[in-house]
Every structure is written in structure tokens, then in C-alpha cells.
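Please examine the model shown below, with attention to its aromatic side chains and their surroundings. A short report follows.

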Amino acid sequence: MNKDFLKYRVYDTIGHKYLDEGEIEFLLHNDGNLLFGNWHGDIKFAETQYVVERCTGLKDKHGNLIYESDIVEHKDSGGLYDVCWSESECGWAIRHRASRMMRAMNCFDGDELKIFSNIHDAMLA
């Protein structure tokens, strides 16, 4: 069984970088908020500073795992798509950046998609 879908990454919106594995931990508080902490014992509510992005469990044509908030390029259309969770598609989907049209990711083979960037890098550019 592929367990890649259990992976995640954390983006620091103040430091403008992805955190290294083990650099931060987070817990789900009983009120639904995320508690973030580090190895120094500092714990705080900081859901605005950190963005947790889930792995789709799918890989692009180069074998790289595709995460929520990645921007992928489709081989045939050449268009750029945002990776997101879609209630209407009942799973991971790609949304065209210009037309906003959405398609379920399970319709694609890994060799059809290539990670282009992510939404955080695109906002900084």
C-alpha cells in the first residue's frame, strides 16, 4: 500500500520557506485549531504563520511527490494548474489557473504532470 498520502510539509509564511522535517511539530487542539511547537518546548497558536500541506500520494513525471498547493504543468495542454482538495471531485484535483476549470487528479498518469512551482513561490515572484 502506498503510504505517501500520509506525508505533509509545512510552509512558514513569515520566513517564506518550507520547514525541514523535524523542525516543527503540530497537534490538533480539541477546539479544531492547530497548535504548533518546536523542540525547544515553545507552543503557540500560529495557524496564520504555518501552512500545512498534505501529500496527494501521486508523483509527477520525474518521480517527485505532488503536494497540495503545488502548481503543475499538464503535458498536453501546457497549462498550469493548482493542486487542491475538491469536495465536488471527492478527492485531489487540479484547477486551471486561468479558466478555473477543475479536473480530478486520478484521471492522470504520473507522466502527464510536472511540478512547475508552488503557490508560495508564485506569490513571491
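Tyr18 counts as partly exposed, at 24% relative accessibility; partly exposed denotes the range between buried (under 20% relative accessible area) and exposed (over 50%), with a 1.4 Å probe and protein chains only. Tyr11, by contrast, is buried, with a relative accessible area of 3%. This is a predicted model, in which local features need pLDDT of at least 70, side-chain atom pairs count only at pLDDT 80 or more, and totals for chains, interfaces and linings use all residues. Residues are numbered from 1 along each chain as its sequence is written, and side-chain values use heavy atoms, leaving out hydrogens and water.

Two aromatic pairs are found when the whole structure is searched. Rings of Phe, Tyr and Trp (its six-membered ring) pair if their centres lie within 6.5 Å; planes under 30 degrees apart count as stacked, over 60 as edge-to-face and the rest as tilted.

| Pair | Distance between ring centres | Angle between planes | Class |
|---|---|---|---|
| Tyr11 and Tyr18 | 5.0 Å | 70 degrees | edge-to-face |
| Trp85 and Trp92 | 5.3 Å | 85 degrees | edge-to-face |

Trp85 is partly exposed, at 39% relative accessible area, whereas Trp92 is buried, at 15%.

Trp92 is also among the residues that Cys84 touches, together with Gly91, Ala93, Arg95 and Met102, leaving aside residues up to four places away in sequence; such a contact means heavy atoms within 4.5 Å. Cys84 lies in strand S9 (residues 80–86), a strand being a DSSP run (E, at least two residues) numbered from the N terminus. Cys84 is buried, with a relative accessible area of 10%.

Methods: Helix = DSSP H or I, 4+ residues; strand = E, 2+ residues; numbered from the N terminus.
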